[in-house]
Amino acid sequence: RLETLLAYVLLMLKEPQSSARTKAIRAISGVVTADPSTLELAGVKQAVHLALSEPSIAVREATLDLIGQHILSQPQCVPIYYEAIVKRLGDVGISVRKRVVRILRDLCLKEPGSPHAVDACRRLVSRVVDEEEVQKLALRAFHELWFLPSSGEQLSANECAARCKQILSVSSRATRQSSEWLRQLLRKLVTPPAEGKASLKEHATVLRVCGQLVSQLKES
């Protein structure tokens with residue numbers, strides 16, 4: 001029965017009417033929400049890859065939303081969809097690019113030491129010279145990934161070393177055009193927030209982490 005449904009969905013994704021293609025994505029969403037492991041099925045993979053390359057921005061965004069909701073709970077599916085996801089970083093739709101930035105950020109936070117996380121950081125650099133909405137998301141992603149501790153108020157020794165290694169790796173791959181991103185990020189980090197007790201506390205934590213990272217980089 002599921003195979004029949006997936007075959008029908010694939011046909012709907014080839015319909016000229018965008019409303020039909022949207023219904024197809026909803027059908028896939030229902031299948032994956034009920035059982036996220038279905039992301040590994042050939043029919044689902046084919047449908048998702050087809051939907052990500054179709055002309056409607058709304059359909060592409062909905063497809064990414066579907067993947068983003070479930071892929072982190074199915075780490076074996078990351079290699080299956082990773083290239084298709086990062087390809088949409090250059091999408092013409094701002095909402096689509098923003099969704100990809102969020103997915104890559106969540107992937108990096110979930111598995112910071114994975115090869116995909118390192119590659120995702122390198123790719124996110126290209127979005128710091130994007131439209132303002134996308135740029136803010138990308139800068140915030142690096143803020144969370146590098147300058148906020150996963151727990152407590154400072155980094156553990158291993159965490160500090162791992163982040164320094166990642167920062168150096170990403171920075172070394174940055175182009176001259178995108179190298180401004182790190183200066184922008186550091187400038188925002190050291191600027192005290194206008195108001196808010198929570199913001200001031202986070203700012204103090206960020207400065208403390210910055211000090212740890214600088215010390216580690218000097219030792220390296």
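## Aromatic cluster

F142, W146 and F147 are linked into a cluster by ring pairs. The model is predicted: local features need pLDDT of at least 70, side-chain atom pairs count only at pLDDT 80 or more, and totals for chains, interfaces and linings use all residues. Residues are numbered from 1 along each chain as its sequence is written, and side-chain values use heavy atoms, with hydrogens and water left out.

Rings of Phe, Tyr and Trp (its six-membered ring) pair if their centres lie within 6.5 Å. Planes under 30 degrees apart count as stacked, over 60 as edge-to-face and the rest as tilted. A search of the whole structure finds two such pairs. They are set out here.

| Pair | Centre to centre | Angle of planes | Class |
|---|---|---|---|
| F142 and W146 | 4.8 Å | 40° | tilted |
| W146 and F147 | 6.5 Å | 75° | edge-to-face |

F142 and W146 are four residues apart in helix α8 (residues 132-147), so about one helical turn separates them. Helices here are DSSP runs (H or I, at least four residues), and strands are runs of E (at least two), numbered from the N terminus. F142 and W146 are both buried. Buried means under 20% relative accessible area, exposed over 50%, and partly exposed in between (1.4 Å probe, protein chains only). W146 counts as buried because its relative accessibility is 0%. F147 is buried too, at 4%.

## Overall fold

The protein chain has eleven helices and zero strands. Its C-alpha atoms fill a box of roughly 60 × 35 × 30 Å along the principal axes. Of the 220 residues in the protein chain, 45% are buried. Contact means heavy atoms within 4.5 Å. Among contacts with a separation of 6 or more, 63% join residues 24 or more positions apart.

Which residues of helix α3 (residues 42-52) are buried? They are G43, V44, A47, V48, A51 and L52. Seen down the axis of α3, these buried residues fall within an arc of 160°, so they line one face of the helix. The arc is that of the directions from the helix axis to the C-beta atoms. The buried residues of α3 pack against α1 (2-12), α2 (18-34), α4 and α5 (78-87).

Helix α4 (residues 57-70) holds H70. H70 is buried, with a relative accessible area of 9%. Leaving out residues up to four places away in sequence, H70 touches V32, T33, P36 and L39.

The axes of α5 and helix α6 (residues 94-110) come within 10 Å and cross at roughly 145°. Axes are lines fitted to C-alpha atoms, for helices over the stretch in contact, and angles run from 0 to 180 degrees between N-to-C directions. The α5 and α6 crossing is left-handed. That term applies if the near helix is turned anticlockwise from the far one by less than a right angle; clockwise is right-handed. On α5, the contact is made by V78, Y82, I85 and V86. On α6, it is made by V100, I103, L104 and L107.

## Cysteines

How many disulfides does the structure hold? Zero, where a disulfide is a pair of cysteine sulfur atoms within 2.5 Å. C108 is in no disulfide, and the nearest cysteine sulfur, that of C121, is 4.0 Å away. C108 is buried, at 2% relative accessibility. For C160, the closest cysteine sulfur is in C164, at 4.5 Å, too far for a bond. C160 is also buried, with a relative accessible area of 6%.
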